[in-house]
Amino acid sequence: MPRITKRLIDAIAPEVKDVIIRDSELKGFICKVTPKGKKVYMLYYRTNDGRERKPVIGTHGNITCDQAREIAVMWFGEIAKGNDPSLEKQQNRKATTLNELAARYLTEYAEIHKKASSVVIDKVHLKNDILPRLGLLKINSINTKDISDFHLNLKSKPISANRCLALISRMLSLAEKWGLRSDAGSLCKHIDKYPENKKERFLSMEEIERLFVVLKDSEINRIEQPSSIAAIRLLLLTGCRLSEILTLKWSYIDIEHHRINFSDSKTGKKTVYISPYVVEILAKIEKKDNNPYVIHGLIDGSHLVNLQKPWTRIRKRAELEDVRIHDLRHSFASIGASSGLSLPIIGALLGHTQAQTTARYAHLIGDPLREAAGLIGDKIKTMAG
């Protein structure tokens with residue numbers, strides 16, 4: 001029984017049946033030569049419960065004889081610990097990839113528990129960033145470095161990078177829950193998110209005045225559609241999100257109690273309280289037959305879909321070219337904060353479910369608080385003589 005070497009294996013010619021060469025030094029290390037001439041390194045062993053195993057190490061030519069021997073030695077070390085390299089190899093071959101986990105995540109979790117718009121965003125992150133880079137990796141072999149390197153490669157897009165990291169973390173937590181890997185949920189734990197410098201643009205009172213002048217002029221001279229003008233006014237005066245205003249139905253509005261009852265929104269079911277001025281604006285909006293929407297579109301029975309183009313024209317005329325539609329919501333909140341309203345009240349008006357979301361307006365409360373402190377100080381000073 002010879003020692004298996006490259007020279008020996010190269011010299012072996014195929015026969016009618018498989019030719020088995022057994023190594024003289026490492027018991028169980030063998031090379032099989034098939035009738036078609038394929039030469040495969042293998043390891044023969046028995047598990048602790050007596051089962052015979054003969055897993056393939058690799059094909060001669062793809063790996064060297066010395067590499068195959070090193071793997072055989074490593075496997076024998078695992079066997080000595082009571083492990084079964086052959087079974088582990090089978091399990092690895094059958095292990096779920098991130099591509100497969102993503103498909104299961106969408107069908108068994110996202111499409112059931114998340115809003116349709118959020119599912120669309122998840123699909124975009126998966127298609128454009130996550131799966132092209134990580135999709136072929138097995139769940140049982142992916143590690144923190146793989147995910148950290150992926151996150152680092154997206155550093156030029158910090159917000160997208162953070163959203164992708166959160167999505168991967170969620171999928172891996174579900175993988176752990178589904179029994180695919182016991183420690184999957186902790187792989188993203190120590191990866192730091194990038195700072196997100198969110199744009200915060202609040203309209204001043206003078207800018208709001210300019211905006212309303214342009215809206216009024218657009219209305220009188222029919223420069224823009226009435227629906228577009230009404231939508232912009234309602235965005236600023238209610239603090240609602242764009243999607244909420246565009247899909248607002250007459251049936252949601254409770255004029256008697258000055259409120260809008262949304263059956264669904266980004267944060268779920270919510271009530272938005274409205275001012276008498278908003279009631280006046282709503283009263284002037286024409287109701288269309290067979291159209292349930294307040295902000296109706298050009299097609300019968302539909303709502304306005306695209307406010308961006310009219311907003312671009314209007315903000316240009318109002319000299320507000322750096323103002324986004326969402327900044328109207330910020331401006332609603334900023335006026336409340338600078339008027340002395342507390343953060344919990346502002347959060348309730350906006351429909352925030354988390355206090356930290358409203359915290360961005362905290363610095364605007366300073367002026368009314370300083371005025372209040374000044375009044376108290378002056379009063380005490382008077383009494384102190």
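Trainee: What share of the 385 residues of the protein counts as buried?

Mentor: In this model, 41% of the 385 residues count as buried, a word kept for residues under 20% relative accessible area, while exposed means over 50% and partly exposed lies in between (1.4 Å probe, protein chains only). Please keep in mind that the model is predicted, so that local features need pLDDT of at least 70 and side-chain atom pairs count only at pLDDT 80 or more, whereas totals for chains, interfaces and linings use all residues. Residues are numbered from 1 along each chain as its sequence is written, and side-chain values use heavy atoms, with hydrogens and water left out.

Trainee: Which residues are buried in helix 7?

Mentor: An α-helix has 3.6 residues a turn, so residues three or four places apart point the same way. In helix 7 the buried residues are A161, N162, C164, L165, L167, I168, M171, L172, L174 and A175, and they pack against helix 4 (98–113), helix 5 (116–134) and helix 6 (144–153). Helix 7 itself covers residues 158–177, and its 20 residues reach 29 Å from the first C-alpha to the last, close to the expected 28 Å, where the expected span is 1.5 Å times one less than the number of residues. After helix 7 comes G179, which has a positive phi, near 80°.

Trainee: What order do the strands have in the open sheet of three strands?

Mentor: Strands of a sheet pair through backbone hydrogen bonds, either parallel or antiparallel. Here the order is 7-8-9, and the pairing is antiparallel, with two strands counted as paired if DSSP finds at least two bridges between them. Strand 7 (253–254) and strand 9 (270–273) stand at the edges and have a single partner strand each, so one side of each is left without a neighbour in the sheet.

Trainee: How many bridges join strand 7 to strand 8, and how many join strand 8 to strand 9?

Mentor: Two bridges join strand 7 to strand 8 (residues 259–262), and I253 stands opposite I260; four bridges join strand 8 to strand 9, where T271 is the bridge partner of N261. Strand 8 also has two faces, for I260 and F262 lie on the covered one, while R259 and N261 lie on the uncovered one. Strand 7 and strand 8 make a hairpin with four residues between them, and H258 in the turn has a positive phi of about 55°.

Trainee: Where does I255 lie, and what is it in contact with beyond its neighbours within four places in sequence?

Mentor: I255 lies in the loop between strand 7 and strand 8, and it is partly exposed, with a relative accessible area of 42%. Leaving aside those sequence neighbours, I255 is in contact with V279 and L282. The C-alpha atoms of I255 and V278, which are 23 residues apart along the chain, are separated by 9.9 Å.

Key. Contact = heavy atoms within 4.5 Å.
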